[in-house]
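This briefing covers a sheet, its helices and some charged side chains. Look through the sequence and the structure before reading on.

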Amino acid sequence: MPITDSIADMLTVVRNGVRAKKEKIDVRNSKFSQKILDILKSEGYIKNFKVIEDKKQGMIRVYLKYKAGDKSSFITQIKRISKPGLRVYVEKGEAPKVLNGLGTAVMSTSKGVMTSKEAKKNKIGGEVICYIW
């Protein structure tokens, strides 16, 4: 069965992996997924990820990050904002704040995939992909 929203599928796999306290998870490979995971890594939500090549599309192995003491995850929630049936766009200067700056909004802009803080700094708008906190 074909997947209509691969980003929502990836975010759901990450969310379920965090809830099940998995050390690593596998998601389908795409350049857009890699860019989102790169942001998650740079913001400190995941340890790392690597692309696993096979003869087909390939997979991305994501290594989840947990706090040392109580084994709670750095990811509390991931919420998909823009969906295939309802795209959500913001203009320059209107980049969303997640939990008053404690979370991260991932945006797709004309300059590439970036956080809302970077989009605000660069004074560009775009499509709001997801919120992470």
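Glu127 is buried, with a relative accessible area of 12%; buried means under 20% relative accessible area, exposed over 50%, and partly exposed in between (1.4 Å probe, protein chains only). The model is predicted: local features need pLDDT of at least 70 and side-chain atom pairs count only at pLDDT 80 or more, while totals for chains, interfaces and linings use all residues. Residues are numbered from 1 along each chain as its sequence is written, and side-chain values use heavy atoms, leaving out hydrogens and water.

**Salt bridges**

- The count comes to three salt bridges, a salt bridge being a side-chain nitrogen of Lys or Arg within 4 Å of a carboxyl oxygen of Asp or Glu.
- Glu127 and Arg87 form one of them, at 3.0 Å from N to O.
- Glu127 lies in strand β8 (residues 126–132) and Arg87 in the loop between β4 and β5 (89–90), so this pair ties together parts that are 40 residues apart in sequence.
- Arg87 is partly exposed at 39% relative accessibility.
- Arg80 forms a salt bridge with Asp5, and their closest N and O atoms are 3.0 Å apart.
- That pair links distant parts of the chain, 75 residues apart: Arg80 is in strand β4 (residues 78–80) and Asp5 in the segment before α1.
- Arg80 is buried at 12% relative accessibility, and Asp5 is buried at 14%.
- Arg61 and Asp26 meet in a salt bridge at 2.9 Å, N to O.
- Arg61 lies in strand β3 and Asp26 in strand β1, so the pair joins parts 35 residues apart in sequence.

**Sheet and helices**

- Helices (H or I, at least four residues) and strands (E, at least two) are DSSP runs, numbered from the N terminus.
- Three strands form an open antiparallel sheet in the order β1-β3-β2; two strands pair if DSSP finds at least two bridges between them.
- The edge strands, β1 (24–28) and β2 (46–52), each pair on one side only.
- β1 and β3 (residues 59–64) pair over five bridges, and Val27 stands opposite Ile60 in β3.
- Helix α1 (residues 6–19) packs on the sheet and touches β1 and β3, where contact means heavy atoms within 4.5 Å.
- Helix α2 (residues 31–42) also packs on the sheet, touching β1, β2 and β3.

**Charges over a ring**

- Lys65 lies over the face of Phe74, 4.9 Å from the ring centre.
- Lys67 lies over the face of Phe74 at 5.8 Å from the ring centre.
- A charge sits over a ring if NZ of Lys or CZ of Arg is within 6 Å of the ring centre and within 35 degrees of the ring normal.

Notes. Axes fitted to C-alpha atoms, helices over the stretch in contact; angles between N-to-C directions.
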